[in-house]
Amino acid sequence: MPSELSSVSSRPTRSSSFAVVVAIELWERFGYYGMQAVLLLFMVRQLGMADARANLLMGAFAAMAYALPVVGGWLGDRVLGSRRAMLLGATCMMGGYAALAVATVHVGLMTVAMALIATGNGFFKPNAANLVRRIYEGDDAALDSAFTLYYMAVNVGSTASILLTPLLQDHFGPAVSFATCSAGLLFGLCVYTALRGRLRHVGSAPDFAPLAAGPVASLLLGVVAAISGLHLILDRPALARDCVWLAALAVLVMWTLIYRRAAPAQRPGLRMAYMLSIQGMLYFVFYQQMATSLTLFALRAVRGDVTLGGVTLFHMSAGQFQALNPIWIMSASPILAFLYRRFARQGRDLPIARKFVVGYSLVTLAFVIWWLGALSGGAGLVSPWFMIAAYGALAVGELLVGGLGLAVIARYVPAAMGGFMMGSYLLSMGVAMYVGSMVANLAAGAPAQPAAGAEAYAGLFLTLAIAAGVITVLFAALLPLTRRWDREHVGV
């Protein structure tokens, strides 16, 4: 008995375990978003790639990066363990950023590097989120708050990198930017190694068993095959498009099979998870505009000098405007987390479905602001204050929709399939990002004449504002149904 008591007392607290996952996620996002901030600009400016081709390549890359978590989540649940899979993913991504730095000289390596990053994301993303779910399992209010704080904390890393890497690209070239992303993730891996003992009691079943040499060798061969296959897909736009649709179809088939095999008591929760996952997926059509149309809009139609009363406060380059999103997220996250906990203590916890509706209303507002900004600029340049205001609305909308998407899976899906469902939700995000890149091409010019001037983007922004408004009304009409399913799930 004394030894058991000692073991319990020495177990790390939930907050200390959570801090370790946040630390590695922060540096992983430092690398990913720093790379994303400069990759499209590298394609368009340094390589001379047409807007439409660059948008679709970014969309295919995002789709692959978010499709592979379906497999990575399953491997984390059943073969490697969540902790090991997360570590493998981070290592692959670190290598991918280093390969991108080399690709600035040897351009043929670019899609190889992107394939390596996508494969790493497939291992990292679902398993990091699944560890958060396991830390706070059984406490829904704490889970929502934890995922919101998790979302806020990782945006510290993305803010720093989005502000830094475009600056490095402008002054020292893209190779230095990509190398910085790799170095940041290397530091994150060192931090994780030093603190990994705080996670020794958290993970999926394979984390607590030794790995056999045979499965490890097979897994490594599979990783190499995945990287080679993704390289071929990213090099061929039509093949990439077909693979995105096939991946989406495969997830729908698997969702159907899971639902049919689920116990009757589990089905209301699965229905909630599916509906809210679709709602979350649609958000990322709008989200993808940040890496595509909004970056090109900032490059060609927005003034970089932010002024107030005739005084220049600071300057932002096209890539740096993406940093407005995590800056707003960090500002709003503590407020939302505080409100979630306060409402929960008062017995007035706001259902996730209602948070989604509020989030979509803010997405609508964001694109209305961008539309008005494009109209105000006409054939000239737009005030950066339109970007600041619109990114603010979009960021809070992201916290209410994208930030809680993983909490939906954690709350409504049985633990045994948590990693796989985390992965399938991330796949749906990838499909939506590819669709978002297709939508962004509504404002792309011909290869010889890239879209220029604010007026070229007004139609796209109006279309997106109308679409977000229609989605808001539709999901508001579905609230009574989600309330009924939620009650049935709680009653299990």
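Which residue forms a salt bridge with Arg-29? That partner is Glu-28, with the closest N and O atoms 2.5 Å apart. Keep in mind that this is a predicted model: local features need pLDDT of at least 70, side-chain atom pairs count only at pLDDT 80 or more, and totals for chains, interfaces and linings use all residues. Residues are numbered from 1 along each chain as its sequence is written, and side-chain values use heavy atoms, with hydrogens and water left out.

**Salt bridges**
- A search of the whole structure turns up 6 salt bridges (a side-chain nitrogen of Lys or Arg within 4 Å of a carboxyl oxygen of Asp or Glu).
- Arg-29 and Glu-28 are both buried (buried is under 20% relative accessible area, exposed over 50%, partly exposed in between, with a 1.4 Å probe and protein chains only).
- Arg-45 pairs with Asp-170, their closest N and O atoms being 3.3 Å apart.
- Arg-45 sits in helix H2 (residues 14-46) and Asp-170 in helix H7 (residues 140-172), so this pair ties together parts that are 125 residues apart in sequence (helices are DSSP runs of H or I, at least four residues, numbered from the N terminus).
- Arg-45 is partly exposed, at 39% relative accessible area, and Asp-170 is partly exposed too, at 43%.

**Cysteines**
- The whole structure has 0 disulfides (pairs of cysteine sulfur atoms within 2.5 Å).
- For Cys-181, the nearest cysteine sulfur is that of Cys-92, 16 Å away.
- Cys-181 counts as buried because its relative accessibility is 0%.

Definitions and conventions: Helix = DSSP H or I, 4+ residues; strand = E, 2+ residues; numbered from the N terminus.
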